Amino acid sequence: MSGFTGFVLRRTLATVVTLLAISVIVYVVFYATPGNVAQITCGPRCSPLQVHQVAQQLHLGDPLYVRYWHFLEGLLAGQDYSTGTSVQHCPAPCLGLSYRTDQQVTRLILTKLPVSLSLVFGAMVVWLVLGVGTGVLSAWRRGRLSERVLTGLTLAGTATPVFVIGLILMIVVCGQLELLPFPQYVNFSDDPEQWAWNLVLPWLSLALVEAAAFARLTRASMLETLAEDHIRTFRAYGVGERSIIGRHAVRGALASIIALNANTFGSAVGGAVLTETLFGLPGIGQELVHAVNVVDLPVVVGMVLVIGFFVVIANAVADVLYAVADRRVVLA
């Protein structure tokens, strides 16, 4: 099949295969490693009977491919789990039960995911506006004082850890200037205005670090485009500099910006641990750190799969955007 529809279908199929491969890798890494998986999952204080029950729930007596099939069956069709006194049904996509709280991992993730997505989507808007805008301005004003100042600020943003930026913002904005209250997460459905105001500082803390990378990439891509022959031809024919920047140089940098944004967004969903911890946001990153500390293996596996899902989906969307921005990609 040819054309844009065929391109989208091919990318969709590749995305499904990639997600399946990630599930295999994650399952093998966490459940087929040397050692007593049941003891690790249950914890050091579990009795032999409890360890035996965990081993039965994980089907550790079955071959590895059979155990993975049970895991995949839970993702696609749901699964029943014995909690000792009753049987609990975990609907698809079932990622198992937490061995610390007996809570369904999928339900736990769904309670944390809106917080992380609120943080990352808002920060993405900020880092794109600041980063791309700064990169365009730096390339346009190349060799001037304003370009040197912007380059210095970009390097400072790249070198500054996110928790330092967050602390400075809280001390200055919330403490000294008292422009905003100290952030406290509010659900969007409860109060959209308070939801936004309480996320302003977390958005800025995460976005300022990422914006520096976008500024550097945009500047480098635009300078490369501005040095090409067709740009010199446009200038020779008297095309205005603003038109060259807006219609040609920025478009030449779009592919790099889309690629970087896809990777940044996907990794930020689970990688914004410092931001969530600093501002007390109950998101996926903070929950993943807690699950690792208490060795809650089903929660760790579920969180890693969800983060991998967002990374793959973000890159799949980026592939489609490539095709929209440059139709030559469809023929590749």
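Trainee: Which cysteines form a disulfide, and how far apart are their sulfur atoms?

Mentor: This is a predicted model, in which local features need pLDDT of at least 70 and side-chain atom pairs count only at pLDDT 80 or more, while totals for chains, interfaces and linings use all residues. Residues are numbered from 1 along each chain as its sequence is written, and side-chain values use heavy atoms, with hydrogens and water left out. A disulfide is taken as a pair of cysteine sulfur atoms within 2.5 Å, and by this rule the count comes to one. The pair is Cys90 and Cys94, with sulfur atoms 2.2 Å apart.

Trainee: What is the hand of the link between Cys90 and Cys94?

Mentor: A disulfide is a covalent bond between the sulfur atoms of two cysteines. For Cys90 and Cys94 the angle about the S-S bond is 115°, and the link is right-handed.

Trainee: Are Cys90 and Cys94 buried or exposed?

Mentor: Buried means under 20% relative accessible area, exposed means over 50%, and partly exposed is in between (1.4 Å probe, protein chains only). Cys90 has a relative accessible area of 0%, and Cys94 has 2%. Cys90 is therefore buried, and Cys94 is likewise buried.

Trainee: Which peptide bond is cis?

Mentor: Most residues other than glycine have a negative phi, and most peptide bonds are trans. Pro93 lies in the loop between strand E2 (87-90) and helix H5 (105-140); helices (H or I, at least four residues) and strands (E, at least two) are DSSP runs, numbered from the N terminus. With omega near -5°, the cis bond is the one from Ala92 to Pro93.

Trainee: What is the phi of Glu178, and where does this residue lie?

Mentor: Glu178 is placed in the loop between helix H7 (162-176) and helix H8 (192-197). Its relative accessibility is 63%, so Glu178 counts as exposed. Although Glu178 is not a glycine, its phi is positive, at about 55°.

Trainee: How do the axes of H7 and H9 cross?

Mentor: Two packed helices are described by the angle between their axes and the distance between the axes. Axes are lines fitted to C-alpha atoms, for helices over the stretch in contact, and angles run from 0 to 180 degrees between N-to-C directions. The axes of H7 and H9 come within 9 Å and cross at roughly 140°. Angles under 35 degrees count as roughly parallel, over 145 as roughly antiparallel, 65 to 115 as roughly perpendicular and the rest as oblique, so H7 is oblique to H9.

Trainee: Which residues of H7 make the contact with H9, and how many of the contact residues are charged?

Mentor: Contact means heavy atoms within 4.5 Å. H7 contributes Val162, Ile165, Gly166, Leu169, Met170, Val173 and Cys174, against Leu201, Leu204, Ser205, Leu206, Leu208 and Val209 of H9. Ala, Val, Leu, Ile, Met, Phe, Trp, Tyr, Cys and Pro count as nonpolar, Asp, Glu, Lys and Arg as charged, and the others, Gly among them, as polar. By class, the contact of H7 with H9 has eleven nonpolar and two polar residues, and the charged ones number none.

Trainee: At what angle does H9 pack against H11?

Mentor: The partner is helix H11 (residues 241-271), and the two axes are 8 Å apart. H9 is oblique to H11, with an angle of about 140°.

Trainee: How do the residues of the contact of H9 with H11 divide by class?

Mentor: On the H9 side the residues include Phe214, Leu217 and Ser221, and on the H11 side they include Ile245, Ala253 and Ser256. The classes are twelve nonpolar, eight polar and one charged.

Trainee: How many helices and strands are in the chain?

Mentor: The chain has 332 residues, and buried residues make up 40% of them. Along its principal axes the C-alpha trace spans about 80 × 60 × 40 Å. The chain holds 14 helices and two strands.
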